[in-house]
Amino acid sequence: MSYFTKLKQKMESKTVKVGVIGLGYVGLPLAMEMAKSGFSVYGIDLDQRKVETLLAGRSYIQDVPDDVIQSSFSAQRFFPTTDYRVLKELDAVSICVPTPLSENQDPDTSFIKGVVREIIKYKKKNLLITLESTTYPGTTEELIQWEFEKLGLTVGKDFFLCFSPERVDPGNHSFNTHNTPKVLGGTTPKCLELGALLYGNLVTNVVTVSSPKVAEMSKLLENTFRSVNIAFINEMALMCDKMGINVWEVIKAASTKPFGYMPFYPGPGIGGHCIPLDPMYLSWKAKGFRFHSKFIELAQSINDNMPDYVINKTAQVLNLYAKSIKNSRILILGMAYKPDIDDLRESPGLHIYELFQENGAQVDYYDPYALSFVDKRGNTVRSISYDLDQMKNYDCMVLVTNHKSFDYQMFADLGVAIIDTRNAFDSITGQHIYKLGNPAKMHVEEERVVLLA
């Protein structure tokens, strides 16, 4: 009986043993979905603390409740470990390791390469491998297929290979691993068939494409689309600031058009595991074909410079109060990269914090979700506690993350100058509230200076 037939029968009977390598924001939800679907799941992560936390029945991912972890243990479906030797027992593995950028903005695929070495070491044949880590088109072939073929193995016969990009959106209460369509590209038709059988048990809709390259490119298109459009609206915000126009009012007016327009919103920068990184993977790969993507690099430049704009905006506002950033007490409201989550990956708030420090400010932050982070100097920085009496002593507050749990009226009532980078104070009027994409002004009224946003 061929390897393909054996794996197919195991897929159909749900007797396959599956592994998820990398138990982060992508891997842990995927592992839980596999366990819910009736598979025996071995989660592999080299971080001993993560494994110990899971073994204690606790989750470190906001979108995965503790009771889901505990249920997977009760059903004897989930087995977290740091030991790659479990690969010997597995029939399928999904690779969900990080793919960061180097300091030179080049792809860092070292985690994928490390996983491939371990797979080759412990399990060369009769295995379905699915790469989920976001990367450049061609990675699945170059870093996995070719390495196995060097050993004399044939893809589609001795081993099976797919790429299926993750589509995780932390904090999204409408879409999750199960109900988000899953794009899947197989190296051969048999690879695609096995991959579709596996993921068809996990998600409501598997969207098959002709090759791993198409699947890899689709992920980069999704996130580059967002990066370019966010950069465009950020540039519009800078323009409106110069022209004395409220960009938020402009967006609201344009959004009334029922066709041919999709609203995007400016902000202090881009964050998360996808948008700041993925377009640069595509740009880097394109250069190998002597193609230079001006849109991608321009968008990256605009978005990367938004934290500097926030610093300049703060300096303008403080200047109206006859103060400078240096020695001013500044409170950043929100540090996570998006509302209502604790995810700090690539958050613009981290860069804004560092810029304030470099400019001599006494800077603190408050975030009820992201309670601490490690700064560039290796120091642990912790969120201050929620204390309005303490908060009113700051010279200004900079709203970076618009958490729904924030009481914006209470913040406004403190009377402290506020720089709002998310239009979170839209329904609140106050001469001390200043907005990104809207110039800070002042005029004289009854022989006193009145500050206007």
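**View 1. Surroundings of Val381.** Leaving aside residues up to four places away in sequence, Val381 touches Tyr353, Tyr365, Leu371, Ser372, Phe373 and Asp375, where contact means heavy atoms within 4.5 Å. The model is a predicted one, in which local features need pLDDT of at least 70 and side-chain atom pairs count only at pLDDT 80 or more, while totals for chains, interfaces and linings use all residues. Residues are numbered from 1 along each chain as its sequence is written, and side-chain values use heavy atoms, with hydrogens and water left out. Val381 lies in strand S12 (residues 380-382), strands being DSSP runs (E, at least two residues) and helices likewise (H or I, at least four), numbered from the N terminus. With a relative accessible area of 11%, Val381 is buried (buried means under 20%, exposed over 50%, partly exposed in between; 1.4 Å probe, protein chains only). Val381 and Leu371 are 10 residues apart in sequence, and their C-alpha atoms are 8.5 Å apart in space.

View 2. Eight strands form an open sheet of mixed pairing in the order S3-S2-S1-S4-S5-S6-S7-S8, two strands being paired if DSSP finds at least two bridges between them. Strand S3 (78-81) and strand S8 (206-209) stand at the edges with a single partner strand each, so one side of each is left without a neighbour in the sheet. Strand S2 (residues 40-44) pairs with S3 in the parallel sense over 4 bridges, and Val41 stands opposite Phe78 in S3.

**View 3. The ring pair Tyr42 and Phe79.** A search of the whole structure finds 14 aromatic pairs (rings of Phe, Tyr and Trp, the last by its six-membered ring, with centres within 6.5 Å; planes under 30 degrees apart count as stacked, over 60 as edge-to-face and the rest as tilted). The rings of Tyr42 and Phe79 have centres 4.9 Å apart and planes at 25 degrees, so this pair is stacked. Because Tyr42 lies in strand S2 and Phe79 in strand S3, the pair ties together parts that are 37 residues apart in sequence. Tyr42 is buried at 18% relative accessibility, whereas Phe79, with a relative accessible area of 31%, is partly exposed.

**View 4. The ring pair Tyr366 and Tyr386.** The ring centres of Tyr366 and Tyr386 are 5.6 Å apart and the planes stand at 45 degrees, so the pair is tilted. Tyr366 is buried at 11% relative accessibility, while Tyr386 is partly exposed at 41%. Ring pairs link Tyr366, Tyr386, Phe406, Tyr408, Phe411 and Phe425 into a cluster.
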